[in-house]
Amino acid sequence: MTKRKTSEHYSALNMPSLSMSELVRKTLDHDATDVLIDKWLEHRNDAYWDWFNRVRERKHAANQGTTRQILLWNKGEFVPENLFCRTADTKRLIPLDRTWTTHVYYHRTMQERKLSMMPVVFTMLPELMLLRGMHDHGCDEMFIIVTDMKRKEMDDVTAYFKLVCRNTFGRTPKPSVEQQILLEHMRLTHTLNKQRRLPCFPQIDLTFRAILHEKRPPFIVLFSHQATSYSQIFFTHKTFVPSEEIFYDFPTGCPNPSCTEDCEMIRFPRRGVEGAAVLSMKKGGKRAKTREMCNWIDCTVCFSEELLVETASEGSEGSQCGEDGGLRTKFLGQVCSRCKLVKYCSPEHQKMDWDEHKRVCTKPAA
């Protein structure tokens, strides 16, 4: 199979380089994120506040185990450090107070009109905070491309990126598929130019695919900078999609009290994988390897992997010996005896994690 290399000449079929992008990049660091979170907490949106309160009312049950995705707020006031989310990649139960860096790409005319990018992140702050909390690794940086596309145009672009990623990332498409991609690219370019949408579609396409190829994020956001913003979250693997059991009633983000599910402003996938925009990429996406790890954040012990343990007598009866005479076994770890929701590799790491874990640790509901 022929490997597609990064090209210095833009093409809808070759992997572009992020250095080729003409979009302006604004980076909001951890401190800026903290400021936005404080502002969001100060001016709570009633819909989100009601939803988080419902999360608090859903008491966890012991049979949920230590691997099932869960969002908990059991103790304290409504602040990110008291809300805990099960990560999709390490199965740890970690608070939402970990910040991140956001890279926002937009057309230069927005800068000329002195449009700040802070409101872009602020608009979807609850969604970003939850997505950050769902991933132990890979979400230190988040990527947003700002457009002014309307709903139908966003739907068409979504279908295009699904087609391109399915056939060009780690694959050599058939001539008929190449033709289909080129035709769709030309149609979208013409449609968005006709509607005076900015950035132009080639720049959106170039930046989007270059971010996926070079940065390999778990997800990327296309944000519509319309009066009523409309955005799409693209996931690079189905493992990164939030659980339907938790987010089925998540707010749509629309200020209209008569809003229906069909007019949601930010497409947070409340129906799980079924309703999410998942990009099928053989190569070039974030490597999705689900592991179950010790809940102490600095520990590297993984319970789902076999460990090699030295044995006093080689080849003892009933053992599965490795090449060097050791015994290969799976380390099951120790479950928290109170909440039964987290696992540790040792009592020492459980003690080290207690200052954080005690904010969520309660006995399960009957």
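A crossing of two helices is left-handed if the near helix is turned anticlockwise from the far one by less than a right angle, and right-handed if clockwise. In this predicted model, local features need pLDDT of at least 70, side-chain atom pairs count only at pLDDT 80 or more, and totals for chains, interfaces and linings use all residues. Residues are numbered from 1 along each chain as its sequence is written, and side-chain values use heavy atoms, leaving out hydrogens and water.

**Helix packing**

- Helices H6 (residues 151-168) and H8 (residues 201-214) pack at an angle of about 45 degrees, and their axes lie 12 Å apart.
- That angle makes H6 oblique to H8 (under 35 degrees counts as roughly parallel, over 145 as roughly antiparallel, 65 to 115 as roughly perpendicular and the rest as oblique).
- H6 passes H8 in a right-handed crossing.
- The contact (heavy atoms within 4.5 Å) involves Val157, Tyr160, Phe161, Val164 and Cys165 of H6, together with Phe201, Ile204, Asp205, Phe208, Arg209 and Leu212 of H8.

**Sheet**

- Three strands form an open sheet in the order E4-E5-E6, with antiparallel pairing (strands pair if DSSP finds at least two bridges between them).
- E4 (71-72) and E6 (93-95) are the edge strands, each with a single partner strand, so one side of each lacks a neighbour in the sheet.
- E5 (residues 84-86) is joined to E6 by three bridges, and arginine 86 has leucine 93 of E6 as its bridge partner.

**Aromatic pairs**

- The whole structure contains 20 aromatic pairs (ring centres within 6.5 Å; planes under 30 degrees apart count as stacked, over 60 as edge-to-face and the rest as tilted).
- Tryptophan 49 and tryptophan 73 form a tilted pair, 6.2 Å centre to centre with 55 degrees between the planes.

Definitions and conventions. Axes fitted to C-alpha atoms, helices over the stretch in contact; angles between N-to-C directions. Helix = DSSP H or I, 4+ residues; strand = E, 2+ residues; numbered from the N terminus. Phe/Tyr/Trp six-rings, centres within 6.5 Å; stacked < 30°, edge-to-face > 60°.
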